[in-house]
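Here is a short report on selected local features of one model. Please keep the sequence and coordinates at hand.

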Amino acid sequence: MKRKLESIVIRGIKVALRRDSYNYDAAALDAAKKHLRTANFKFPVKQNSFAVFKKSVDARKKDAICFVYSVIFSVDGEICLSEEQYADFTAFCNKHSLSVIDGEEMLFSDCSAKQNKRPVVAGFGPCGMFIALVLAKSGLCPIVIERGSDADTRTAKVSKYWQEGILDTECNVQFGEGGAGTFSDGKLMTRINDKLCSFVLKTFYENGADADILFNAKPHVGTDKLRNIVKNIRKTIESCGGTVVFDTKLCGITKNAGGSIRSVITDKGEIETDTLFLAIGHSARDTFFMLMENDIKLLAKPFSVGVRVEHLQNDINRSLYGKEYENPALPVGEYAVSRRVGQRAVYSFCMCPGGTVVASASENETIVTNGMSYSSRSGINANSAIAVSVNESDFGGNVISAIEYQQNIEKKAFALAGSQGAAPVENLGHFLGISKLEITKVSPTYTGKTKLCSIGELFPDEITKTLKEGFVSFERYIEGFSSSSAVLTAPETRTSSPVRIPRGEDALSLSCAGIYPCGEGAGYAGGITSAAVDGVKCALMYIEKIKTK
């Protein structure tokens, strides 16, 4: 068997930070070519094929900050190697920081002839969107039902909530076109290592994201751009035969005598189908209850709760970059911190450089926070969730008690701040017991009203204690992190789904044939990219299944 060589990546190319105007990307490409010559690379190379593959900043030594690149290039001509030759070449690559890239593209073939009934996708967040995209491009004409509104209508309703406190419980930061990710930083970084990530990033780029998401180590899109990107993806789905219906809520399912799905019930009527993809997101609590009433098994799982913390972005930059913190070549500073405290983890989550803390409730008389950034990340404050892990022993181990654990904190926050829709805020110094309750250097950016409160009252003592230990300990990583002037806004309760919907290796529900539990709401993803990848995988498994009929 022959192995074809196409694209190869050179890793670990370092380009030192400079204070003058400088083309770092060009320098990295030149260094890559020199590296190949030094390594005596023996195959012909397409000289015009060199391009940045990944790019990150190494600021561990503040007096020697550098950019770290991976550069991709193509071999020239048809190069095919025997297994023995390929093994020798792999050894050469390992020695010289090279790796062969699988250039396999996502291919779509028409499967419509195998289709009995149109599949239904419940939810149009990242997971549901990519399920529908893959199905539509395969000729399977999915019907997408989304309880929230289209992006434009949704943006208007969210703005009304932020400005006037008028919440639409069916269309808000959690529900609507694009899912919760539409009103976030649009972070696409993920810890999963899957080649489908490239398909997801490429799709976002083809639909309006900047090209740098294809190579930045920490890619992000920005809330302002995501709103148009999700509309463009929807238009592609529709142009391929899919249907996307907004303001339509999944209210029930019916089953055949054998227990397989027969139809879905919505608040607009019944849709006959033999396939339902559940891409409902982490906040569809009423849908979780509906599924249990229809004998779909759900399990409680661990999650986290905490607060949003805000610092001046310049202070974060200075801590991360030292004297170079104002160097325009450096990206706005990001951080990730974590610590174990006994049996719990306390960690940063969804860090938004130059961002805003946003009102994110989906139920009346509750307060929920989240963070977002626009594509420029030019806001004065940096914000991040600081969250503490919640285990089954904290909430009793069942689905209802897990959801109620979150809800109770959200309701307490609403009451603590005066039951007028304001969010509780507190300076970190007061939270830690070392200064008075006041707003000084850092002002809250929360998109609604705020009220100074003692936030520790919201949480069980163990959670409050762990938060305090976390804030103090993070000072060793980021100078000024535990500053008294930092501002906390609470609560952050939607870090992940509190439930998992069990499924088999074929991605099908163990409770009902024809149902695919997918993405973050089903407990199989965390974040935009991983949710999208899980959606793609579930769609491909369905396609493979109908092909074999």
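Leu-250 has Thr-266 in β9 as its bridge partner. Strand β9 covers residues 261-266 and pairs with β8 in the antiparallel sense, over five bridges. Strands pair if DSSP finds at least two bridges between them. Strands are DSSP E runs of at least two residues; helices are H or I runs of at least four, and numbering starts at the N terminus.

The sheet is open, antiparallel and ordered β8-β9-β10. β8 (250-255) and β10 (269-272) are the edges, each with a single partner strand, so one side of each has no neighbour in the sheet. From one strand to the next, the twist averages 25 degrees.

## Model basis

The model is predicted: local features need pLDDT of at least 70, side-chain atom pairs count only at pLDDT 80 or more, and totals for chains, interfaces and linings use all residues. Numbering runs from 1 along each chain as its sequence is written, and side-chain values use heavy atoms, without hydrogens and water.

## Ser-389

Ser-389 sits in strand β18 (residues 381-390). Ser-389 is buried, at 12% relative accessible area (buried means under 20%, with a 1.4 Å probe and protein chains only). A polar atom of its side chain lies 2.9 Å from the backbone nitrogen of Ala-345. Leaving out residues up to four places away in sequence, Ser-389 touches Phe-303, Ser-304, Arg-344, Ala-345 and Ile-463 (contact means heavy atoms within 4.5 Å).

## Helices α4 and α6

The axes of α4 (residues 151-164) and α6 (residues 223-239) come within 10 Å and cross at roughly 150 degrees. That makes α4 roughly antiparallel to α6 (an angle over 145 degrees). Ala-151, Asp-152 and Thr-155 of α4 meet Arg-227, Val-230 and Lys-231 of α6.

Methods:
Axes are lines fitted to C-alpha atoms, for helices over the stretch in contact, and angles run from 0 to 180 degrees between N-to-C directions. Buried means under 20% relative accessible area, exposed over 50%, partly exposed in between (1.4 Å probe, protein chains only). A polar contact is a pair of N or O atoms within 3.5 Å; within protein, one must be able to donate a hydrogen and the other to accept it, and residues adjacent in sequence count only if both atoms are side-chain atoms. Angles under 35 degrees count as roughly parallel, over 145 as roughly antiparallel, 65 to 115 as roughly perpendicular and the rest as oblique.
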